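Please open the structure in your viewer and keep the selection tool at hand. The stops below are meant to be taken in order.

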Amino acid sequence: MRKVSQRLADRTFTWMLRLFTFSLFALLGTLTFQLAEASSQAWNRFGLSFLNGKVWDPVRGVFGALPFLYGTIVSSAIGLVIATVVGVSVALLLTQYAGRWVAGPVSFVIELMSAIPSVVYGLWGIFVLAPWIRSGLAPALNASLGFIPLFRGQIYGTSLLTAGLILAIMTIPTITAVVRDVCRAVPDELREGALALGATRQEMIGLAVLPFARSGIVGSVMLGLGRALGETMAVTMVIGNRPQIVASLFQPAYSMASVIANEFTEATSPLYLSSLYEIGLCLLLVTTLFYAMARVLVWRVERRARGTLL
Amino acid sequence: MRSLSIASGVILCCATLTGCGLVPSPAFLQPTPPKGLRPLTGAGSTFDYPLLSRAFYDYYNEFHQEVNYQPIGSGGGILQLVKGTVQFGATDVPMNNRELALAARTGGAVLQIPITLGAEAIAYNLPMVHHRLRFSGPLLAAMFLGRVRFWDAPAIVALNPGVKLPHWPVLAVHRSDGSGTTYIFTNYLSRVSPAFSRIVGTGKAVLWPSGVGGKGNAAVAELVQNAPGAIGYVELAYVLQTHMPYGVVLNRAGRYVAPTLRTATAAADAFAELTPSHFSIVDARGLSSYPICGYSWVVLYRHQPAVRGHELRRLLTWLVTTEQARASAVDNVPLPAVARRLALQQLGRMDD
C-alpha cells in the first residue's frame, strides 16, 4: 500500500517536472510564432529589404532594420571585448594571486554590481559617463588614435562608444563570476605539476589554468552576450537614439531593443507596429544565432581541450 | 521525504492553477474594492500622467470613486479603448478618421474631449550667455535639420544682435520615444518651414536628420543640461520646475514671446473654432500668442451603460471645469474657454 502511493507520488512528480520543462519550449515556440505573425505585414511589404534597409521613417512609412542591427551588434561587441579582458583578468587575480582578505571583498563588490538595476547604470551613464567621454576619453582617443576612422568626428557624449562601455560595465560581473568559479575548479595537481616543472606563476596560468578554463570562459562570454544584446534601458539612455550607420564610435547610434522601447507605445499605424514586431523577431533571431555560434565554439574548444589535456 | 514531495507538488499545482485563473484566488489576496463605487479605468498618454494622477487623487477625495490610469502611451490608450479594456483613453493627438472607423466597428461613435493645454519651451545650454536667446520658426527648423551648425552662425547672430555667442557646434536634442510633444513641435516646424515639412514632416516619431534623442522629457532635459551647445524642446512645466534657460520665439505678429501660462492661453484663444479634426493651434495669430502649443485629449465611446456613463460624465465634467482652477498651481495651463465649451458640448452628447 505504502509502495503504491509512493510510486504514484514519484510518477506525479516526474510528470510535473516534464510539464514545466516542456512549457519552456512551448513558450518560446508561441513567442516566435506570435512575433512572426504580428510582423507579417512588414514582411509582406518590405521582404528582405527590411533587413538591409537603412531608412527608418515613421512619417513616410518606410522601415529598415539595418541601423538597429548595426547598433546592437557593434555596441555589444565593444562591451564584450572590454568585459572579457577585464573579467578574465580580475578572475585570475582573485583565484591565482590574491589572498582571502582581497578576494572576499572584491567578490562581494562584483556580486553587488550584477544586482544593480540597469536603469541605475543608465542614469549614471547619462550624468557621469557621457560627460566624461565627451570631455575626457573621446578627445584623448581622437588625439592618439585619430588616424583610425573609428575615433574621428564630432563628439557628443552619447554615442556607440558610451553604450559599449556601459554594456562592458554591466557584463563584467557576469564574466568575472563565472570565470572565477571555473578557475577555482582547476585541479591542484595540474597547477602544482606545472610549478614543479619549473614554470613561473604566469607560465603556470598559461599552461594549466587557461586551457582548463577555456570552455568556461567562452560560456561566460555567451552569458554576457545575452545580457548585452537584450539590454534596453541603460543603452537607450546613452546611445543617442539616431538610426544611422557611420564608422565613428563617437557618433550616436540606435539599438533594436531601444527602438522597441522608444516607439512601441505611440506606434499607431498597423505597418509601423508590424515593423516594430519584426525588429523584435530580428533581435530574437540574432540572439539565437549568436548563442548557436557560441555553443559550437564551446563544443570545439572542449573537444580540443580534451585532446591536449588527457 | 515522501510527504515533502507531495506537499511541494500540491503547492506547485495550486500556484499554476491560480496563475491560469482556473481557481479563484483566496479573498484575502484580492484588493478590497472601495465602498459603493466601482473604479473607472483609463489608459494612454504619458504626457497627461502627472496632471491626471493628481486630478484623480483629488477626485477620489471628493467623490470617493477610484480612477485607475495607466500611462502606456497615446497609441496604447486608443488601442485599449477599441479593445474595450478601458473606459476612456487619453491621447496627445486626436484620433484620425481611420482610427475612428476602427473604433466605430467595435463600440460606435467616439467623443473626443480636450482636457489640457500644453506649451513647449526651447531650452539650451550655453553657460556664458546670460541674455534670453531669440529664435524664429525657420531658424529652429534649420537648427533641427542640421543646417545651422554653429552657435555663432549668421542666422542666429542676426536675431540676437549684441549677444556674444561661442563657436560651439549645435547639438539638437529630440525625443526618441513617440510622443505628442514631438507631434506639436514638428507640426509647428512643418508649418513655418517648407524644407522641414518636405524632409521630416509631422509625426509623433519622425526621422531626424541630425542630433541625438532622449527618452522622455526628463532625458531630453538631462541631455541638454549635460551637453554644452545643446538645444531641445521640453514641456513648459518641466522647464519651469528645473530652472533651465529657455528662449523666446518669434510669433506670427512679429513679437518675441516667452512660453508662459498666459501666452499659451492667448495662442489657444486665437482659434475661435476648435474641433477634434481641427485641433492644431501652433503658429497662432495674436500679439502675445506663443507659437508652440497644443491640446491633449480624452477619448471615450458615446454610448455607455447607464451607471457607468453617468459616472464617466461626472468625472470628465469635473475634470474640465472644477479641476482646471488647480492646474496653474502646478504649472499646467488651465483649459481656455473655447476648449471648455467644446468639452462640455461633447459630454452633452453622451447617451446613458
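**Before selecting**

This is a predicted model, in which local features need pLDDT of at least 70 and side-chain atom pairs count only at pLDDT 80 or more, while totals for chains, interfaces and linings use all residues. Residues are numbered from 1 along each chain as its sequence is written, chains are lettered from A and ligands numbered from 1 in the order in which they are written, and side-chain values use heavy atoms, with hydrogens and water left out.

**Stop 1: chain B as a whole**

Of the 352 residues in chain B, 54% are buried, where buried means under 20% relative accessible area, exposed over 50%, and partly exposed in between, with a 1.4 Å probe and protein chains only. Chain B exposes about 15,100 Å², and carbon and sulfur atoms supply 60% of that area. Accessible areas come from the Shrake-Rupley method with a 1.4 Å probe; for residues, only the protein chains shown count as cover.

**Stop 2: two domains**

Colour residues 11-117 and 293-347 of chain B as domain 1, and 119-269 as domain 2. The bounds come from an automatic or database domain assignment. The centres of the two domains, taken over C-alpha atoms, are 32 Å apart. In chain B, 18 residues of domain 1 are in contact with 16 residues of domain 2, contact meaning heavy atoms within 4.5 Å.

**Stop 3: the sheet of eight strands**

Now select the strands of chain B in the order β2-β1-β3-β11-β4-β8-β6-β7, which form an open sheet with mixed pairing. Two strands pair if DSSP finds at least two bridges between them. The edges are β2 (67-70) and β7 (212-214) of chain B, each pairing on one side only. Neighbouring strands of this sheet are turned by 25 degrees against each other on average, direction ignored. Axes are lines fitted to C-alpha atoms, for helices over the stretch in contact, and angles run from 0 to 180 degrees between N-to-C directions.

Strand β1 (residues 40-44) of chain B runs parallel to β2(B), joined by four bridges. A43(B) is placed opposite Q70(B) in β2(B).

- Helix α11 (residues 261-269) of chain B touches β4 and β11 of chain B, and its direction makes about 135 degrees with that of β4(B).
- Helix α12 (residues 306-320) of chain B touches β1, β2, β3, β4 and β11 of chain B, at about 30 degrees to the direction of β4(B).

**Stop 4: strand β11 of chain B**

Is strand β11 (residues 293-301) of chain B buried or exposed? Nine of its nine residues are buried, so β11(B) is largely enclosed by the rest of the structure. In a regular strand, side chains alternate between the two faces of the sheet. On one side of β11(B), C293(B), Y295(B), W297(B), V299(B) and Y301(B) are buried, and on the other G294(B), S296(B), V298(B) and L300(B) are too.

Strand β3 (residues 88-91) of chain B is antiparallel to β11(B), with three bridges; A90(B) has V298(B) as its bridge partner. Strand β4 (residues 110-124) of chain B is also antiparallel to β11(B), with nine bridges, and Q112(B) is opposite V299(B).

**Stop 5: cores**

Select I122(B), F135(B), W151(B) and Y295(B), which touch the most other members of the largest nonpolar core, a set of 82 residues. A nonpolar core is a set of buried Ala, Val, Leu, Ile, Met, Phe, Trp, Tyr and Cys residues joined through side-chain atoms within 4.5 Å. This core draws at least three residues from each of domain 1 and domain 2 of chain B. Another core of 43 residues lies apart from it, including I175(A), M204(A), A213(A) and V286(A).

**Stop 6: two loop residues**

Finish with N241(A), in the loop between α10 (233-238) and α11 of chain A. N241(A) has a positive phi of about 55 degrees although it is not a glycine, and is buried at a relative accessible area of 3%. D283(B) is in the loop between α11 and β11 of chain B. D283(B), not a glycine, has a positive phi of about 55 degrees and counts as buried at 11% relative accessibility.
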